[in-house]
Amino acid sequence: MATSPFRPVPHPSSSPPPPPPDPSSDADLLRHLLSLSRDVSSSQHPSFSSSSPLRINPNLSSVPRNVKQLSFLFEELLLAVQDDDDHDHDLALPRTASLCFREILLVLHRLKVLFDDHDCRSRAFVLFRAERIAAEIHEQVVDLATFLDILPLAELRVPEDVRDLLRLLRRQLRRTSPAADPAALSLRRDVLELVAGVESGTVPDRGALRGIFRRLSLDGARSCRHEIERLERDIADRVVDDRWVPGMVALASILRYAKCVLFGASTPRSDSSIGAGGSKSPFSEAEDLAVPADFRCPISLDLMRDPVVVATGQTYDRESIDRWIGSGHATCPKSAQALPYLELLPNRALKNLIARWCRDNNLPYDVADTSTSTSNRQDDADGVRTNKAALEAARMTASFLVEELATAPSTEAAHRLVHELRLLAKHGSDNRALVAEAGAIPLLLPLLRSADAGLQVNAVTALLNLSILEANKRRIMHADGAVDGVVHVLAEGTTWRAKENAAATVLSLCSVHSYRRRLARHPRMVEVLVQMARDGPASAKKDAMAAILSLAGDRENTGRLVEGRVVAAALEAAGEPEVAEEASAVLAAVARRGGAEAVAEAEGAVARLVGVLRRGSDWARESAAAALVALCRRTGASIVAELAAVPGIEWVIWELMGAGTERARRKAAALSRICRRWAAAVEAERTARFSAMSVTAASTTVA
């Protein structure tokens with residue numbers, strides 16, 4: 001069936017296609033042949049359509065039509081076989097014909113795989129691979145013609161007009177040529193010249209861009225967006241020769257620039273998919289696909305490609321944590337603990353889960369072994385980052401969008417432009433740097449106070465994307481009104497989604513230690529985060545607690561957090577499974593950095609933490625154990641007594657010592673020692689008291 005360029009398509013697999021089914025009878029064989037021939041004949045991908053300006057080979061564009069003629073033979077034979085099937089179906093076809101048809105089945109299957117694969121690819125893929133595609137299809141056409149030549153047509157009971165049709169079909173197939181269409185090769189030369197011009201810093205002429213877009217059958221922002229998505233997927237899948245990769249990378253950036261210049265910024269989809277509760281509809285835009293929280297790197301907030309575990313047991317994307325450690329940090333970004341060693345261990349189990357999730361959602365993912373391919377992937381990434389034409393095109397795009405935003409005549413126009421800036425800053429450090437250098441941040445900040453829900457969401461999300469780059473954190477923190485704007489969204493955001501992204505921005509900015517204090521000093525920062533942690537949906541509570549945890553990484557902030565009633569909010573959130581990890585970590589951080597008494601004085605603190613020890617996730621149990629150890633060591637015997645009085649606490653601690661994470665086992669062992677010492681001290685005190693009473697009684701008796 002024909003596939004619209006705007007319809008979701010299956011993700012092309014890099015693994016070999018499954019073989020066609022092995023028919024058990026001639027009737028089954030003919031049914032499969034008829035079905036395959038109809039599938040191939042209905043293939044009308046634009047690159048093979050005679051009505052499209054982009055064709056790979058004028059002769060090969062007739063292949064679907066030729067295969068459709070072949071289907072008439074299978075229809076006639078199937079009718080004859082079905083008539084004989086009631087008597088002796090094994091003798092329905094001559095053996096030579098049956099063997100020949102089985103080979104034709106393989107050829108049709110390979111043609112279908114080729115057409116289906118190219119149907120999923122970008123136009124640029126078809127263009128850069130023109131000769132290879134033409135040769136691949138021509139090879140199958142030659143095989144098909146060969147098997148038709150040796151087919152014993154005289155032994156088959158088919159009408160004479162079908163025989164004549166097959167004779168004509170043989171001649172047509174023999175006349176096909178493997179050469180690529182000169183028009184396609186000419187278009188590719190023009191595209192490469194365009195790339196070379198952009199690389200030299202020349203702004204493309206709009207007329208030339210329109211001409212190339214017309215020849216690529218790209219006639220609007222929507223078709224451009226789909227072409228960019230497919231092109232980026234093809235690049236990630238590494239499905240072309242290495243010599244064409246730089247051109248494809250550059251073309252993706254040029255397409256993004258041309259889309260904005262020729263067709264204007266895309267109209268974002270309505271944010272009505274976000275309900276009052278903050279939940280996201282499964283039909284929200286593709287770039288907002290709900291990535292499971294455990295699959296996102298806590299530093300970059302992007303999907304992890306190479307998850308690794310640090311000494312504290314937390315998982316990060318290798319590139320992000322390498323950059324964190326390389327910048328001089330020796331602490332875990334998520335838990336703020338000191339790293340006793342800096343060795344990174346691959347999290348292969350999580351990597352396999354992420355790879356499976358990507359396959360299920362038609363997203364590219366490199367699942368190669370880290371030990372053998374990390375350097376290769378790094379070289380590829382460096383090549384992409386240093387592609388000068390792509391950088392120049394991205395620079396032109398950023399400058400164009402920022403200039404347009406500065407003079408946007410309406411909220412709707414600003415919304416479209418901010419949406420494009422958000423998408424541009426979504427991927428790649430270079431893009432984030434270029435958008436910020438173009439002056440986007442001062443223009444985004446006033447939009448944080450917009451009453452338009454969509455504009456506010458896109459503005460705060462664009463700011464979040466920009467904040468991932470270390471240099472941009474400084475730009476944001478030194479911009480007038482930046483912190484006030486983020487706090488405004490946290491307090492009065494039009495949607496929970498805007499508030500969540502504002503909290504994520506706080507978390508991102510807090511990766512710079514000195515900024516934690518500056519953010520916490522804002523008179524309303526802690527207040528609005530606590531309010532969000534109390535009143536928001538689960539996803540908002542999680543983001544708010546993560547931001548509070550980042551602020552708790554600085555001892556100077558502990559007093560402000562305690563005064564802001566963070567302890568009560570965290571204890572309340574610790575009872576919710578979705579937020580228990582962050583909430584328990586907040587309590588541990590506060591207790592460890594001078595707030596142990598405030599946690600100990602909170603009603604039900606010990607009981608709630610023990611509840612997390614019983615039922616929480618590995619990280620939640622680890623943090624709860626750390627919090628209890630800090631409370632017992634820093635607040636005196638009353639907390640130990642309360643802990644020891646909890647029914648079954650010995651079993652809980654023992655189970656954690658055997659099945660918890662490495663840090664959880666250490667904390668559980670510490671709790672066990674604390675409880676044993678307390679019990680021994682109580683027993684010693686009881687013995688001493690009993691001895692004293694015995695001596696007193698004996699003295700009285702003697703007297």
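Guide: In this predicted model, let us begin with the open sheet, whose three strands stand in the order β2-β1-β3 and pair in an antiparallel way. Because β2 (315-317) and β3 (345-346) stand at the edges and have a single partner strand each, one side of each is left without a neighbour in the sheet. Strands in a sheet pair through backbone hydrogen bonds, and the pairing may be parallel or antiparallel. Here two strands are said to pair if DSSP finds at least two bridges between them, while the elements themselves are DSSP runs, numbered from the N terminus, with helices (H or I) of at least four residues and strands (E) of at least two.

The strand β1 (residues 307-309) is joined to β3 by two bridges, and these two strands run antiparallel; there, Val308 stands opposite Pro346 in β3. Across β1, β2 and β3 lies helix α11 (residues 318-326), which runs at about 95° to β2. Such angles run from 0 to 180 degrees between N-to-C directions, with axes taken as lines fitted to C-alpha atoms, for helices over the stretch in contact, where contact means heavy atoms within 4.5 Å.

Residues are numbered from 1 along each chain as its sequence is written, and side-chain values use heavy atoms, with hydrogens and water left out. Since the model is predicted, local features need pLDDT of at least 70 and side-chain atom pairs count only at pLDDT 80 or more, whereas totals for chains, interfaces and linings use all residues.

The sheet belongs to a chain that has 32 helices and three strands. Of the 703 residues of this chain, 52% count as buried, a word that stands for under 20% relative accessible area, with exposed for over 50% and partly exposed for what is in between (1.4 Å probe, protein chains only). Among contacts between residues at least 6 apart in sequence, 74% join residues at least 24 apart.

Among the buried residues of α15 are Ala413, His415, Glu420 and Arg422, and the cover over its buried residues includes α10 (245-263), α14 (388-406) and α21 (496-509).

Helices also pack in pairs, and α5 (residues 130-150) meets α6 (residues 160-174) at an angle of about 145°, with their axes 9 Å apart. In this meeting, residues of α5 including Val141, Leu148 and Asp149 face residues of α6 including Leu169, Arg170 and Arg174. Asp149 is partly exposed, with a relative accessible area of 38%, and, leaving aside its neighbours within four places in sequence, Asp149 is in contact with Arg170 and Arg174. Asp149 and Leu166 are 17 residues apart in sequence, and their C-alpha atoms are 9.6 Å apart in space.

Finally, consider two loop residues. Ser217, in the loop between α8 (206-215) and α9 (221-237), has a positive phi of about 60° although it is not a glycine, and Ser217 is partly exposed, with a relative accessible area of 22%. Arg565, in the loop between α25 (558-563) and α26 (566-574), has a positive phi of about 65° although it is not a glycine, and Arg565 is exposed, with a relative accessible area of 55%.
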